[in-house]
Amino acid sequence: MAPVACVKSGLSPSRAPGLPANVTPLHIAVLDDEADITELLAGYFGSQGYRVTQLHRGRDLLAVMSADPPALVLLDLGLPGEDGFAIARQLREHHRCGLVIVTGRGDSIDKIVGLEVGADDYVTKPFDLRELAARVKAVLRRIAAAPETAREAVAPAPAARERFAFAGWTLDIAARTLHDPSGAEVPVTGGEFDLLGVLVRHPGRVLSRDFLLERTRGRDAAPFDRTIDVQIGRLRRKIEADPERPELIKSVRGAGYVLVPAVTPAP
């Protein structure tokens, strides 16, 4: 194997070969207690044009989130003396970044819990670097800021802003925000937002898991469809008065899910 670049926490990583000087590389933080893993990922993603910070303790990640927030975090769950799920939950509650769990825990229960606490994707070790990179790109595409997209558009006129209202809730596609009936913003993950975005565009229509998975993840869809079920459960806990007896997002046995309330353009 060719030697990999080592980007230590707190140091400025080198610019990837061929990256234009006027392009700011996206920042990725890698948290894993194994230095060989963080060095491997730093070298690979650095060669792909990303700026990578290597971290080995949860508290170091939280410090980076305040001082130099990354666009995405690659998080190992098996940190000695630390609860990886708790770190994931804290990230999701306080930060708007992509979160991909990269861990040796391959049990389906761990995968479900990881997605429930807010991970956008879950990858088990050993992993293929190209597949991991494809998943990272997919997450970054889903959480890409709308203003950046608008700046890249050829047409000078701004695109119409999509805002949907349903049962007092407001989903702002451009701002990627969800507000409850009182006007308070409710934090949602990138995966939850994309899923709700598909539902509000097809109100009253039963949507299959395969359809929802394809619309939210496309060719990067995971081979297990429990992802949709987990995200539906998380959304229900955030928008339903009683998540155990949902009235907004209902299950249709053997068919999929349906958004029940009427959806109208929000002012």
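**Chatting through a predicted model**

Me: Hi! Where does Pro126 lie?

Reply: Pro126 lies in the loop between strand 5 (121-124) and helix 5 (129-143). Keep in mind that this is a predicted model.

Me: OK, confidence next. What is the mean pLDDT of the chain?

Reply: The mean is 81, with 82% of the residues reaching 70 or more. Residues 1-22 have a pLDDT below 50, and this stretch has 31 contacts in the model beyond near neighbours in sequence. Residues 145-160 are also below 50, and beyond near neighbours in sequence that stretch has one contact.

Me: How should I treat coordinates where pLDDT is low?

Reply: Where pLDDT is low, predicted coordinates should not be read in detail.

Me: Got it. Switching to helices: at what angle do helix 2 and helix 3 pack?

Reply: Helix 2 (residues 58-67) and helix 3 (residues 84-94) pack at about 10°, and their axes are 11 Å apart. Angles under 35 degrees count as roughly parallel, so helix 2 is roughly parallel to helix 3.

Me: Which residues meet there?

Reply: From helix 2 come Gly58, Leu61, Leu62 and Met65, and they meet Ile87, Gln90 and Leu91 of helix 3. By class, the residues of this contact are five nonpolar, two polar and no charged.

Me: Which residues line the second largest cavity?

Reply: The lining consists of Val30, Leu31, Asp32, Ile37, Leu41, Leu74, Leu75, Asp76 and Val102. Strand 1 (27-31), helix 1 (35-47) and strand 3 (72-75) are the elements giving two or more residues to that lining.

Me: And how does the lining of that second largest cavity split by class?

Reply: Seven of the lining residues are nonpolar, none are polar and two are charged. Asp32 and Asp76 are the charged pair in that list.

Me: Great, thanks!

Methods. Residues are numbered from 1 along each chain as its sequence is written. This is a predicted model: local features need pLDDT of at least 70, side-chain atom pairs count only at pLDDT 80 or more; totals for chains, interfaces and linings use all residues. Side-chain values use heavy atoms; hydrogens and water are left out. pLDDT is the predictor's confidence in each residue, from 0 to 100. Contact means heavy atoms within 4.5 Å. On a 1 Å grid over the protein atoms alone, a cavity is a set of points where a 1.4 Å probe fits but cannot get out, and a pocket is an open set with protein on both sides within 12 Å along at least five of seven lines; lining residues have an atom within 4 Å of a point. Helices (H or I, at least four residues) and strands (E, at least two) are DSSP runs, numbered from the N terminus. Axes are lines fitted to C-alpha atoms, for helices over the stretch in contact, and angles run from 0 to 180 degrees between N-to-C directions. Angles under 35 degrees count as roughly parallel, over 145 as roughly antiparallel, 65 to 115 as roughly perpendicular and the rest as oblique.
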